[in-house]
Amino acid sequence: MAKRKIALFGGTFDPIHLGHTRVAEAAARQIEAENVVFIPAKCSPLKGFFPNATDDDRLRMIELATRSNERFSVSDCELRRPAPSYTLDTVKHFQKECGDDASIYWLIGADSVDDLILWHRIEELIDICYLAVMVRGGYAAPSFDRHLHALGRDRVEKLRRNVIETPSIDLSSTHVRHCLAAGEDVRDMLCPDVLDYIRRHGLYRRN
Ligand code: ATP
């Protein structure tokens, strides 16, 4: 019997924007995943600094942005662990929870490909799940050639087989934060409920 496919989408989501939700929708369709789980990181090991918004605010904004899609859900498992948030630990947590009849996909944007080699125990991560790279607007198409030597041919082939042709959306949380601090219009960048939450809680204002 074919395995169930579960897609995990980790990130800082500070705040979650329409780029995140649109590529996740496209990835779920392409993978034929029954569920996409959004997983806010307590602190990304590679970012090295804590997010602007609190854990609770980021979690709440993700809930608001994802509640209209029945395939989307949210997990606070990384927020409950001490920082830094290692993807490998999270994938193992879901493998245990979902059982042997599920294949776990971990979604990442193409901007993360250069840094892949710095990820905690990256070889093991590539081996135990499907690391699926999504196209990202403003970044080159994913290429793994430079990792051949460090990761080996089989792992690089596995990464290549799992590139996902998502829509190219040139949008980042950094840009959203800058626009919010400058008082610019962000209505085409955020789910309306997320924007309303940000306004009501006075988030991302200029200090
Ligand atoms: P920041 O600007 O604060 O670094 P970000 O917009 O890159 O944030 P993250 O929460 O760090 O958002 O990203 C989570 C995941 O989503 C990462 O794998 C990232 O590559 C991916 N991602 C973010 N925005 C896009 C986008 N527009 N298209 C494709 N992938 C994206």
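Is T90 buried or exposed? T90 has a relative accessibility of 0% and therefore counts as buried, where buried means under 20% relative accessible area, exposed means over 50%, and partly exposed lies in between (1.4 Å probe, protein chains only). The model is predicted, so that local features need pLDDT of at least 70 and side-chain atom pairs count only at pLDDT 80 or more, while totals for chains, interfaces and linings use all residues. Residues are numbered from 1 along each chain as its sequence is written, and side-chain values use heavy atoms, with hydrogens and water left out.

T90 lies in helix α3; helices (H or I, at least four residues) and strands (E, at least two) are DSSP runs numbered from the N terminus. When residues up to four places away in sequence are not counted, T90 touches I39, C77, E78, R81 and W106, contact being defined as heavy atoms within 4.5 Å. T90 and P40 are separated by 50 residues in sequence and by 11 Å in space, C-alpha to C-alpha.

Two cis peptide bonds were examined. One joins D14 and P15, with omega about 5°, and P15 is placed in the loop between β1 (4-11) and α1 (18-31). The other runs from A83 to P84, with omega near -5°; P84 is located in the loop between β3 (72-74) and α3 (87-98).

Positive phi values were also considered. F13, although not a glycine, has a positive phi of about 50°. The loop between β1 and α1 contains F13, and this residue is buried because its relative accessible area is 2%. R121 is likewise not a glycine and has a positive phi of about 45°. The position of R121 is in the loop between β4 (102-109) and α4 (122-128). With a relative accessible area of 43%, R121 is partly exposed.

The loop between β4 and α4 also holds L118, which counts as exposed because its relative accessibility is 56%. Together with L46 and I117, L118 makes a nonpolar surface patch of about 260 Å². Patches are made of residues with over 30% relative accessible area and no salt bridge, like charges being joined within 9 Å and nonpolar side chains (Val, Leu, Ile, Met, Phe, Trp, Tyr) within 5 Å. A salt bridge is a side-chain nitrogen of Lys or Arg within 4 Å of a carboxyl oxygen of Asp or Glu. Accessible areas come from the Shrake-Rupley method with a 1.4 Å probe, and for residues only the protein chains shown count as cover.
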